[in-house]
Amino acid sequence: MQSLQQRDNAVIWHPFSPLKNTTEPVPVVKGEGVYIIDETGNRYIDGISSWWVNIHGHAHPYIAEKIYKQALQLEHVIFAGFTHYPAVELAERLLPLLPNGFSKIFYSDNGSTATEVAIKMALQYWWNKGSKEKKKILAFNQSYHGDTFGAMSISERGIFTKAFHDHLFDVIFIDTPTNTNLGSLTQFIKDNAHEIAGFIYEPLIQGSGGMRMYNADVMNVLLQSVQDNNIITIADEVMTGFGRTGKIFASDYISTKPDIICLSKGLTGGTMALGITACTEKITEAFNTDDRLKTFFHGHSFTANPLACTAALASLDLLQKDECAASIKNIHLQHQSFIKALNEKNYTVVKNTRCTGTIVAFEISIGEDAYLNDVTKGFTNAMMQKGVFLRPLGNTIYIMPPYCITTEQLREVYNALQQWIEEIEKEFENVLI
């Protein structure tokens, strides 16, 4: 009889994985709290929340029960011309929590589609207004907003998009703000505002770009400059939303608020695919017209899926409990202690330790800072042998655990990681740069 791995190899093409000489996928049969469990019973602490989505732990009984009850009542219905309680209730609960006076919520399927919706809204806003010049999108270098074509266009031109560069639309890219470059950035925005429709950014942390973290105060000045120059601001909070940075949204740290916000990942507690693009009255005003040509012609087959909306409502229930807020705070404090311990060890292979909320990251200082850096090639397997699942971004190593993780379980992650660092330190002591 063929193993599950063999059956997988015959029929499955995995994301972000080469088809040749790739690591065999681990057959997972169960999730339980912070653990993912393989078919032989091995348990691994999910240190990256299964691609950043699982904020309350796997197979959470409260979320599962809510989904089960909803599935017995209504699993899906076309959302053009129909509505249902889960979609309306989720919008009603989210809008007051969002970091601005948001007016409407537009549902889609995932983070990439949420950003696609946002850039289409920004571009059509100016088209509806009759503007002939404002057709460009402004974005950050090292940004990542998804893998569909529009989302790729507004992302860093790198290995993720290299095969498609000739097919992506032109975007204006700038560096993330610092005290040093802030003046030149604001001047650049002023000089080019006449052609810029919208500015999309990952607030405080650029996730797939290597967990690059930047300051809220300088970002606030930059955003104010963008809005003063009549450019629509779009916060991509697909990763940073729902507590990841310590507050419910990263935009809560920044006094200048976005016109549009994109949400996914932690939205449903990591149980189902769902995307949200919320916008202010300023945006909806341009579409609120009798001219049918100015309709926002966008939608997906599973828009506002009742099961996914129900999961999101259940996840919100858990997120707003005092114990969840306490856990988020505890994770942050533990991360800070871990960074302090790393710095005190003065490892030559570790550089640029940093932490925001529940996310801690650093680089391995061997070779260049790049996604294809091979220094961490065997890292995931080595960590799994220690009972921990982590997946690096090139030579960037990070921890982003579910909020239900205990102090003891976090220590297991830290200890396993520190053991690996010490092994690498010895292995590469003669080749460090």
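Guide: What follows is a short tour of a predicted model, taken feature by feature.

Visitor: What is the phi of lysine 265 near, and where is lysine 265 found?

Guide: Lysine 265 has a phi near 40°, which is again positive in a residue other than glycine, and lysine 265 lies in the loop between β11 (260-263) and β12 (275-280). With a relative accessible area of 24%, lysine 265 is partly exposed.

Visitor: Threonine 268 is in that loop between β11 and β12 too. Is threonine 268 buried or exposed?

Guide: The idea here is to compare the relative accessible area with a cut-off, since buried means under 20%. Threonine 268 has 1% relative accessibility and therefore counts as buried. If residues up to four places away in sequence are not counted, threonine 268 touches Ile63, Leu274, Ala308, Ala311, Ala312 and Ser315.

Visitor: Now to the helices. At what angle do α7 and α8 pack, and how far apart are their axes?

Guide: Angles under 35 degrees count as roughly parallel. Helix α7 (residues 182-192) and helix α8 (residues 216-228) pack at about 15°, with their axes 9 Å apart, and α7 and α8 are therefore roughly parallel to each other. Their crossing is right-handed. On the side of α7 the contact is made by Leu182, Leu185, Thr186 and Ile189, and on the side of α8 by Val218, Val221, Leu222, Ser225 and Val226. Sorted by class, this contact of α7 with α8 has 7 nonpolar, 2 polar and no charged residues.

Visitor: Why are such contacts spaced as they are along a helix?

Guide: An α-helix has 3.6 residues a turn, so residues three or four places apart point the same way. With that in mind, you can look again at Leu182, Leu185, Thr186 and Ile189 of α7 in the contact with α8.

Visitor: What span should α8 have, and which of its residues are buried?

Guide: At 1.5 Å a residue, the 13 residues of α8 should span 18 Å, and the end C-alpha atoms of α8 are 18 Å apart, which agrees. The buried residues of α8 are Ala216, Val218, Met219, Asn220, Leu222, Leu223, Ser225 and Val226. These buried residues pack against β5, β6 (172-174), α7, β7 (196-201) and β10 (232-236).

Visitor: How do α11 and α13 cross, and which residues meet there?

Guide: The axes of helix α11 (residues 322-345) and helix α13 (residues 407-427) come within 11 Å and cross at roughly 25°, and α11 and α13 are therefore roughly parallel to each other. The crossing in which α11 passes α13 is right-handed. In α11 the residues Asn330, Ile331, Gln334, His335, Phe338, Leu342 and Lys345 meet Thr407, Leu410, Tyr414, Leu417, Gln418 and Ile421 in α13. The residues of this contact of α11 with α13 divide into 7 nonpolar, 5 polar and 1 charged.

Visitor: Is the crossing of α4 and α10 left-handed or right-handed?

Guide: The crossing of α4 and α10 is left-handed. Here the axes of helix α4 (residues 85-94) and helix α10 (residues 306-319) come within 8 Å and cross at roughly 35°. Pro86, Ala87, Glu89, Leu90, Arg93 and Leu94 in α4 meet Pro306, Cys309, Thr310, Ala312, Leu313, Leu316 and Asp317 in α10. By class, the contact of α4 with α10 has 9 nonpolar, 1 polar and 3 charged residues.

Visitor: Finally, how many residues apart in sequence are threonine 148 and serine 112, and how far apart are they in space?

Guide: The approach is to set the separation along the chain beside the distance between C-alpha atoms. Threonine 148 and serine 112 are 36 residues apart in sequence and 6.3 Å apart in space, C-alpha to C-alpha. Threonine 148 is found in the loop between β5 and α6, and, leaving aside neighbours within four places in sequence, threonine 148 is in contact with Ser112 and Glu116.

Note on methods
Residues numbered from 1 in each chain as written. Predicted model: local features only at pLDDT ≥ 70, side-chain atom pairs only at ≥ 80, totals over all residues. Heavy atoms only, no water. Helix = DSSP H or I, 4+ residues; strand = E, 2+ residues; numbered from the N terminus. Buried < 20%, exposed > 50% of the residue type's maximum accessible area, 1.4 Å probe, protein only. Axes fitted to C-alpha atoms, helices over the stretch in contact; angles between N-to-C directions. Parallel < 35°, antiparallel > 145°, perpendicular 65-115°, else oblique. Left-handed = near helix turned anticlockwise from the far one by under 90°. Contact = heavy atoms within 4.5 Å. Nonpolar A, V, L, I, M, F, W, Y, C, P; charged D, E, K, R; others polar. Expected span 1.5 Å × (residues − 1).
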